[in-house]
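Here's a quick tour for anyone opening this one up for the first time. Have a look at the picture, then read on.

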Amino acid sequence: MTSRSINQDLIRPKIAILGAGLMGRMLAVSLMEDYQVELFDRDCGDAKQSAAYLAAAMLAPLAESADCSKEIMQLGARALQQWPDFLSKLTEPVFFQKKGSLVLAFEQDLGDLELFKSRLKGDEYELINSLEIKEIEPGVNARFNAGLLLPNEGQLDNRGLLLALSKTLKDSGVVWHKQAQVTRVTPAGESPMYHCEGHEFSQFDWIFDCRGLGAKEDAMSDNQVNKPLAQLRGVRGEVIRLHAPNVTLSRPVRLMHPRYPIYIAPKEAGVFVVGATQIESEDSRKPTVKSALELLSACFSVHRGFAEAEILAIESGCRPAYWDNEPKIKVSGNIVSVNGLFRHGYLLAPVMVEQCLHLLKGTEKSSVVTKIMPLLMVKDG
Amino acid sequence: MNSSLNIYGTPLTSRLFIGSALYASPKIMLDSIQASGAEVVTLSLSRQNPEANGGQAFWDYIKSLGLHLLPNTAGCHSVKDAVNMALMSRELFETDWIKLELVGDDYNLQPDPIALVKATETLIHQGFKVLPYCTDDLVIARHLVDLGCEVLMPWGAPIGTGKGILNPYALQAFRDRFPETTIVVDSGIGLPSHATQALEMGVDAVLLNTAVAKANNPVLMAQSFAKAIEAGRGAYLAGPMAERNTASPSTPTIDSPFWHQS
């Protein structure tokens with residue numbers, strides 16, 4: 001802000017961004033040049049209450065397509081191309097890798113692997129045998145006889161990214177209101193309004209609501225015909241972070257599991273993120289023994305080097321999701337709600353930002369994102 | 001044998017009971033359930049922290065369908081766990097129906113027959129209408145019926161295997177030995193033809209989940225199951241022909257010219 005003249009600031013429209021999770025931060029970084037951005041954060045700036053803090057940050061559009069629509073896969077593939085450019089705008093480097101991912105199944109789960117393959121909505125994968133598995137990931141359990149290599153998948157370091165975003169925003173002088181809990185109040189028959197102690201939202205030209213599950217109560221109060229369908233819900237996930245210097249995995253491994261995909265994602269400096277469970281519950285408790293056992297036995301079964309790994313953290317949280325598990329950009333006047341990214345926050349964030357920029361320019365209808373997924377954006381009236 | 005289907009006095013039109021787990025999204029689940037025409041939906045509290053209503057949002061989706069809810073005790077390994085979960089389910093879903101599942105073997109999720117009988121007795125005393133998930137063991141089934149079960153749910157194959165009816169002889173004997181009891185084949189159904197086979201055998205209904213939820217197009221698979229079940233029931237009611245060991249021409253040949261006969 002210091003480098004700008006007062007006149008420049010006067011003509012830049014004002015934008016409030018509610019929520020300083022992944023979407024809030026990325027939008028703020030993307031908008032701070034051309035707009036006066038103020039970020040409202042219920043946390044202390046550490047993002048610990050956001051779903052993004054826990055996620056494994058897999059960028060795996062094809063693997064995810066086994067359980068999501070083709071449109072989400074296409075948007076994910078587009079986002080994967082956009083990540084390097086986005087990361088280059090940050091003041092600190094962030095671990096980003098595009099070495100593909102490996103999908104493995106034990107003998108008794110080969111049926112699941114076959115099903116997984118048949119559900120993929122693209123064909124950029126290779127079937128590999130035990131020798132090929134050993135060649136590309138020499139350390140994995142020799143009992144794996146078959147797998148899939150998805151060469152175009154990527155991943156990044158979620159916590160490194162959240163920190164780098166924070167640093168970039170700080171360096172640019174973006175106003176960041178911490179411990180600022182925002183609630184939406186909607187008097188009957190009137191336009192939505194926001195409330196936050198000590199702040200006035202009417203001064204903003206645009207409000208971007210990126211509060212994730214923090215917006216759940218508001219969504220429930222929306223006057224929709226079929227209430228449950230308009231609601232946000234939380235889908236519980238549990239994640240383990242390990243320090244495993246003896247493990248040699250160089251790319252994420254997805255292990256076939258009867259209930260949900262389990263990833264073992266190698267980050268920098270011997271750190272691995274193993275996750276995540278996916279339970280239809282807004283349970284806010286700490287992780288359960290059963291989930292921890294599932295995740296730990298999964299990683300141990302893939303690579304024996306995890307035996308002496310140090311457990312850095314076992315954490316739980318809830319992903320914000322709409323009933324179709326697909327994100328929405330809901331526009332009502334000058335209020336834009338970006339929510340419901342479910343397990344696809346990192347997969348889709350850059351294209352969500354791209355679409356928000358189009359919205360501000362008024363070019364959203366002609367954007368590539370709209371062409372891929374017309375239902376991403378919902379406008380009132 | 002029941003000519004019309006009812007569960008503890010509640011009449012039903014559809015002979016397909018459907019599960020609510022494993023779908024890619026609640027939307028796909030709701031669309032699939034509707035496409036199946038099922039009137040009974042099973043749901044589980046397992047791992048959802050029901051004490052704090054952890055699954056409320058998900059349960060609301062299922063409730064929005066307005067169908068009969070059949071809570072289950074999936075994942076329970078002991079009588080105590082199953083009874084507790086049944087009590088919690090009754091309170092949350094306001095139904096005294098309970099699909100009683102008690103795992104006796106983690107490898108194939110085979111029900112524990114001893115614990116099943118004990119839990120059934122306890123739950124019936126507490127006013128539940130128990131739908132026990134059992135094997136095709138006739139003796140255990142007799143105990144369950146003697147305790148007051150009006151519905152039995154024998155497996156076709158282990159849960160989630162999709163292998164179909166592994167022991168048709170045992171299932172037919174099960175049907176024949178309990179002509180007054182409603183028999184619902186639960187678990188192991190992978191294809192619509194498996195469901196047809198069960199209904200052709202005179203089984204009253206089929207309960208399935210994975211076969212629809214894990215299909216590449218769950219809605220289309222749900223529709224296909226609905227048709228298959230209708231076909232199986234129709235075939236059963238129509239009375240199938242008897243099998244023969246020798247060919248028998250379907251067209252009389254006595255008046256055919258000899259050069260047409262070979």
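Predicted model: local features only at pLDDT ≥ 70, side-chain atom pairs only at ≥ 80, totals over all residues.

**Two helices side by side in chain B**

- Helix 4 (residues 113–125) of chain B packs against helix 5 (residues 138–147) of chain B at an angle of about 5°, and their axes are 10 Å apart.
- Angles under 35 degrees count as roughly parallel, so that's the label for helix 4 and helix 5 of chain B.
- Helix 4 of chain B brings Pro113(B), Val117(B), Thr120(B), Glu121(B) and Ile124(B) to the contact, while helix 5 of chain B brings Ile140(B), His143(B), Leu144(B) and Leu147(B).
- Sorted by type, the residues of this contact are 6 nonpolar, 2 polar and 1 charged.

**A closer look at Val219(B)**

- You'll find Val219(B) in helix 9 (residues 218–238) of chain B.
- Val219(B) counts as partly exposed because it has 16 C-beta neighbours inside 10 Å, and partly exposed is the class between 12 or fewer (exposed) and 20 or more (buried).
- Beyond its neighbours within four places in sequence, Val219(B) touches Asp31(B), Ser32(B) and Ala35(B).
- Leu30(B) sits 189 residues away along the chain, yet the C-alpha atoms of Val219(B) and Leu30(B) are 9.2 Å apart.

**The sheet in chain A**

- Chain A has an open sheet of 7 strands in the order 9-2-1-12-19-18-20, with mixed pairing.
- At the edges stand strand 9 (175–177) and strand 20 (377–379) of chain A; each has a single partner strand, so one side of each has no neighbour in the sheet.
- From one strand to the next, the twist averages 20°.
- Strand 12 (residues 206–209) and strand 19 (residues 335–339) of chain A run parallel and are joined by 3 bridges.
- Within that pair, Phe208(A) has Val336(A) of strand 19 of chain A as its bridge partner.

**Where the two chains meet**

- Chain B puts 18 residues into the contact and chain A puts in 19 residues.
- On the chain B side, helix 1 (26–36) and helix 2 (56–63) are the elements that give two or more residues.
- Helix 2 of chain B gives the most, with 4 residues.
- The chain B side divides into 6 nonpolar, 8 polar and 4 charged residues.

Definitions and conventions: Residues numbered from 1 in each chain as written. Chains lettered and ligands numbered in written order. Contact = placed C-beta atoms within 7 Å. Pairing = 2+ DSSP bridges. Axes fitted to C-alpha atoms, helices over the stretch in contact; angles between N-to-C directions. Parallel < 35°, antiparallel > 145°, perpendicular 65-115°, else oblique. Nonpolar A, V, L, I, M, F, W, Y, C, P; charged D, E, K, R; others polar.
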